[in-house]
Amino acid sequence: MERFNDKMLTNAALLFVMAIVVAMLVQWVLSPKYDASNAAVQNSIAADEVLLLPHQFRQLVDENRMADYTVVYVGEQQDVAGLFPNQLSIPFAELLQKQQLRSLKSQKNIILIADEETKAMLAANLLLSQGVQHVQAAARNLKFVQEELLPGLAPKMAESHEEKARFDYSRFFSNEGSTTKKSNANAALPSGGIEVKAVAGGC
Amino acid sequence: MGPLIPQGFVNADLNLFFAFVIGLGFGYVLEQGGFSNSRKLAGVFYGYDFVVLRVFFTAAITAALGLLLFQYLGWINHDLLYINPTYLWSIVVGGVIMGVGFILGGFCPGTSIVAAVIGKVDAMVFVLGMMIGIFIFGSFYEVFQPIYTGSFLGSIFVYDSLGLSRDLFVLILVVVALAAFIITRKIEDKVNEIKDAPSGLFHPSYTGPFALMLGMALLVFFLPQSPNARWYEQNPDTLLEKAAAGAQYAHTDEIAFKLLNPKNNDLLLVDVREPADFSNFSFPGAINIPFEKLLQPGFEKLLKQTDKQIVFYSYGSTLADQAWMLLSREGFENIRVLKGGLNGFFDAVFAADHQTESKNEMQQFDARFLENAREAFKTGQAAQKVMTKKSPVTTIVEMEAPPAGKGGC
């Protein structure tokens with residue numbers, strides 16, 4: 001009887017492990033191809049590692065370090081050659097083509113520039129998720145880089161980027177939130193939120 | 001019953017039902033394993049029966065391996081697990097009391113209940129003693145409190161204290177457990193003077209379970225902590241295609257119209273800026289989920305539950321576009337981004353000159369609408385029309401651990 005129980009339990013455990021392995025394989029087959037998790041990409045972006053501010057960009061130019069960087073233009077304009085020592089031009093829509101990815105993965109440091117800051121950041125997000133390392137996106141856009149950054153950056157533009165407030169919003173927009181401090185900034189959703197009462201376990 | 005209830009797999013109303021079913025199974029297994037027998041339980045201290053050690057070690061490594069594999073598969077969120085905080089003094093004193101009580105009484109708390117239920121008088125007395133002990137502890141809590149809450153170390157992990165990786169620690173734990181199984185069986189055979197004990201390294205019946213445990217431990221060790229991609233995530237090429245087409249954008253006139261006409265407002269505006277910025281100004285009815293918190297289970301679940309179209313906004317489009325990209329990859333379909341963000345919105349509504357010389361009727365209509373919208377927003381009409389009653393939402397990730405978070409057996 002003991003032997004029978006042993007065998008039965010071993011088979012049950014084996015079946016369980018096999019079920020887990022099968023589930024893993026199925027998930028692996030169904031998963032799209034990413035080389036970095038969504039959370040890892042989010043962390044890089046949230047840590048301000050990706051956006052290259054104008055003064056940081058200018059510093060690279062001033063210190064003659066642009067030779068260590070490959071500037072990749074991911075916009076639609078045709079004539080952007082000759083701005084930087086190492087320069088590539090890849091249309092945004094072709095960014096994830098195999099040969100482009102292979103070429104980008106072989107670069108040491110990448111600075112993405114686009115016609116809009118957000119396009120360069122979206123490109124950076126996609127490239128990071130595909131395992132391309134050391135990717136940064138230039139703040140603002142190609143026009144700004146050409147006309148204001150390269151000729152000599154004005155001090156007031158040093159920290160300039162699209163995510164800066166440009167107005168005193170509450171002055172224009174009469175709104176409950178603009179006149180009173182909210183008690184809980186993160187919280188303002190209809191009822192039905194999740195409430196969990198965690199409990200300690202034991203045996 | 002975490003984490004199934006917080007994840008929404010199980011209705012919270014079924015909490016007690018599941019507790020009952022698990023309790024039923026636990027009691028059955030303890031009784032069938034001979035754990036209602038105090039002689040068997042105390043055998044671990046005298047060397048003639050190590051089944052207690054083997055059962056609890058098996059439970060520990062099975063739970064550890066299962067937890068890690070389930071986490072890898074995305075079935076369990078490690079962040080939602082409640083980690084018992086460590087109070088050093090209460091562990092030391094409690095451990096000594098438990099050990100002495102186990103040797104003298106022949107039971108631990110759980111097994112004494114099992115034995116009492118099947119009618120064992122010694123177990124009933126043990127349970128009675130336990131109740132009296134609990135009563136005394138509760139009555140004189142102030143006296144015991146310095147020991148009970150002394151040397152608080154927080155929710156610490158052994159592997160962190162040892163400077164090991166989590167997966168290496170589990171592998172070592174499994175190897176130690178298997179070694180303990182082999183050694184204790186040898187001791188048992190010797191103490192019980194079993195003549196026909198197998199001469200090999202371990203009992204033949206252990207071969208299968210040993211191979212499975214070690215195999216699972218190695219699998220956990222070599223797998224990354226979580227896969228780079230989940231099966232439900234959207235294909236990168238699809239994301240690229242959508243981003244290239246700018247399909248995600250909602251424009252100022254739509255947002256302005258819907259803010260001023262709540263009956264037509266099918267949008268949930270989500271502000272992804274920092275809480276301080278949200279406090280200074282936000283659209284009426286908007287909620288704030290800072291970008292770095294977007295993938296936290298509570299917030300993600302919150303967004304999944306809404307039947308409205310989600311529109312992310314920030315000062316520009318950059319951060320909101322990143323939020324869109326993250327959640328699109330997670331498989332969200334009903335999400336958009338306010339093109340140009342707050343800066344673009346204010347440019348269009350307040351800063352732009354709405355006088356147009358165009359003869360195009362649509363352009364004239366747009367200009368008139370934005371002119372009217374400017375006045376409406378200035379006089380607070382949107383705020384009056386949109387329900388802005390605040391009802392704080394506490395998400396699971398922000399919940400604090402319960403104060404009396406001590407468990408044991």
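Reader: Which residue is the bridge partner of F312(B) in β7(B)?
Author: Keeping in mind that this is a predicted model, the partner of F312(B) in β7(B) is V337(B). That pair belongs to strands β6 (residues 309–313) and β7 (residues 335–338) of chain B, which run parallel and are joined by 3 bridges.

Reader: And what order do the strands of that sheet in chain B come in?
Author: The open sheet has 5 strands in the order β3-β7-β6-β4-β5 (chain B), with parallel pairing. At its edges are β3 (249–250) and β5 (287–288) of chain B, each of which pairs on one side only.

Reader: Which strands does helix α12 of chain B lie across?
Author: Helix α12 (residues 252–260) of chain B lies across β3, β4 (267–271), β6 and β7 of that chain, and it runs at about 110° to β4(B).

Reader: Switching to chain A, why is β4(A) largely enclosed?
Author: Strand β4 (residues 109–113) of chain A is largely enclosed by the rest of the structure because 5 of its 5 residues are buried. In general, side chains in a regular strand alternate between the two faces of the sheet. Here N109(A), I111(A) and I113(A) are buried on one side, while I110(A) and L112(A) are buried on the other.

Methods. Residues are numbered from 1 along each chain as its sequence is written. Chains are lettered from A and ligands numbered from 1 in the order in which they are written. This is a predicted model: local features need pLDDT of at least 70, side-chain atom pairs count only at pLDDT 80 or more; totals for chains, interfaces and linings use all residues. Side-chain values use heavy atoms; hydrogens and water are left out. Two strands pair if DSSP finds at least two bridges between them. Helices (H or I, at least four residues) and strands (E, at least two) are DSSP runs, numbered from the N terminus. Contact means heavy atoms within 4.5 Å. Axes are lines fitted to C-alpha atoms, for helices over the stretch in contact, and angles run from 0 to 180 degrees between N-to-C directions. Buried means under 20% relative accessible area, exposed over 50%, partly exposed in between (1.4 Å probe, protein chains only).
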